[in-house]
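Good morning, and thank you for coming.

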Amino acid sequence: MTVAVSILPEQQLAVLNAAYRQAVARKRLRLLLGLVIFAAALFLAAIGAEVNLRTFFAHFGNFISYFDRILTLDSGQRVWTDAGEWLWGWRKWLKMLGETLLISYVGTLIGATFAFALNFFAAENTSPSPWLRFVVRRLLEFARTVPGIVFALIFVIAFGLGPMAGVLAIAIHSTGALGKLFSEIVENADMKPVEGIRSTGASWLSCMRFAVVPQVTAGYASYGLLRFEINVREASVMGFVGAGGIGQELVVAIRKFYYSDVSAILLTIIITVFIIDITTGWLRGRLFGKEART
Amino acid sequence: MTGPRQVDTRALRARYPDVFDRPASARLAVPAMIVAAFAILVYGLVDLDFSPSRFFAGLSQLGWISLMMIPPDPGSSLPVYLKALGETLSIALLGTTLAALFALPVSLLAARNVIPSQILRFPIRRFLDSIRGVDTLIWALVWINVVGLGPFAGVLAIAVSDFGAFGKLFSEAIEGADQKQVEGVRASGGSALHEIRFGLLPQVLPVIAGQVLYFIESNTRSATIIGIVGAGGIGLQLAEQIRVLEWQRVSFLILMILVAVAAIDFISSKLRFAIIGRRAVA
């Protein structure tokens, strides 16, 4: 079977072809221009960041051999040949890991509570007044943009060394991050129940309690669990600035070149993060079905 | 008008027993969860040495610190700070670009529709997961051991930790791509590389570009802190000024960070709209 394909007359084709080529050429030119600008920005950045490829290649062997060293015991054997020797401090490390998990748990819960209290004022559809919304939004933005570890540095000076500073730093950062996400959920909520409740003469507080909260709790819990996952990672480095958790042990091991300890602590952190990721993922799937998992 | 009809509740109860008498486990689940969460919270507060006296003492200390931060004042080190800020932005841009370049080929190997073999994909996925499990600050400490103190270590730290994140995100984007275009290329006699180049990449690149821009944004934040462990950028200045209690300079540096992050947010959201259109920005 043959199919007839109609071919346009020569002159008409030439015009169309020319137009097509021109369009493609314009697109290519734009792409090229974009690439040139990007390359220039990269070049500037490379100068700014003191990138030195010579040191990089000279020392790249160090990077590989660093992993070789952290996987070697003092006796010169591979770490996995003698697990008892490798994980000699497991009691202490597990205790510190427990502390890390507690820091992130308490921090997330306090942060989520504050975010819950503030987010109705920050959402466009429920905020009682525009200026209040503006103030709350700026506050949340501030709490979110300043990195948690900067808060930790300041809190260590105000509250003293220890996990308390870490908890508060994580709580403030979580308030900012969750407050924004929570208020976005509220903005997507259906407003008809609110109207229904307001028409019965209810106060603002009852409107929130009986019309908005039932719609949004599932989303809140899902984001809260996600935040907990992120905070476990964050809490693992809080010890770098003296704010408690396993980070303290890790930074000492790295700075003092206790090589096999570094790999042992990293292993425990990675395994913990895995377990937390899997558990919270399972919990979210269990609680809210498949669509809430993203 | 007739009033509300009298409803025979007994008949309803008989017909829908689950609605009226939920099993005890379902009724108790939520309160039990709340009690458990609260119990862990209390245990945590005790275990982590929280005490009201310490809390309020710290709070008043914090109040003093905030008072001393006003007005923000860079002193005579404004040029140094501006240079440090430039360093931070450079670290974010370079680190993210490097990570994206290296992650693209690896993410192809981790995508189900490119490599169907579970045996090959599984180790790559776990490898990416373990890289992501380690925080950027830890990578910064490791790289400082290798290339010495300075911003270059920061670039490499961001590159490595983002490599893990990108590998995962990119491979998810590739798995979400429409398979029909790939089949079309295959049907017209294209090789496996042709399938990727003409079937997959045109669909995936805009998504990836959006993610890379978003990460440049979030890495500006990460790059501000890796200086705290000595890997260059404005975090180094910030940590130093906090340690010597120069609060006016601290507040100025924090303001600088806030302004820079806001500016980068603005630019990158404009760029994202330009590249992938309004709809695709998730």
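Which residues of α5(A) are buried? They are A:Leu140, A:Ala143, A:Arg144 and A:Thr145, where buried requires 20 or more other C-beta atoms within 10 Å of a residue's own, the C-beta atoms being placed from the backbone.

The model is a predicted one: local features need pLDDT of at least 70, side-chain atom pairs count only at pLDDT 80 or more, and totals for chains, interfaces and linings use all residues. Residues are numbered from 1 along each chain as its sequence is written, while chains are lettered from A and ligands numbered from 1 in the order in which they are written.

Helix α5 of chain A covers residues 130-145; helices here are DSSP runs (H or I, at least four residues), numbered from the N terminus. Its 16 residues should span 22 Å at 1.5 Å a residue, and the end C-alpha atoms are 22 Å apart, so the two values agree. The expected span is 1.5 Å times one less than the number of residues.

I turn to the contact between the chains. Chain A contributes 47 residues and chain B 48, with contact meaning C-beta atoms, placed from the backbone, within 7 Å. On the side of chain A that touches chain B, α6(A) gives the largest share, seven residues. That side divides into 37 nonpolar, eight polar and two charged residues. Nonpolar covers Ala, Val, Leu, Ile, Met, Phe, Trp, Tyr, Cys and Pro; charged covers Asp, Glu, Lys and Arg; the others, Gly among them, are polar.

Finally, within chain B, the contact of α6(B) with α8(B) has five nonpolar, three polar and two charged residues. Among them are B:Leu128 of α6(B) and B:Phe163 of α8(B).

Terms used: Contact = placed C-beta atoms within 7 Å. Helix = DSSP H or I, 4+ residues; strand = E, 2+ residues; numbered from the N terminus. Buried ≥ 20, exposed ≤ 12 C-beta atoms within 10 Å, placed from the backbone.
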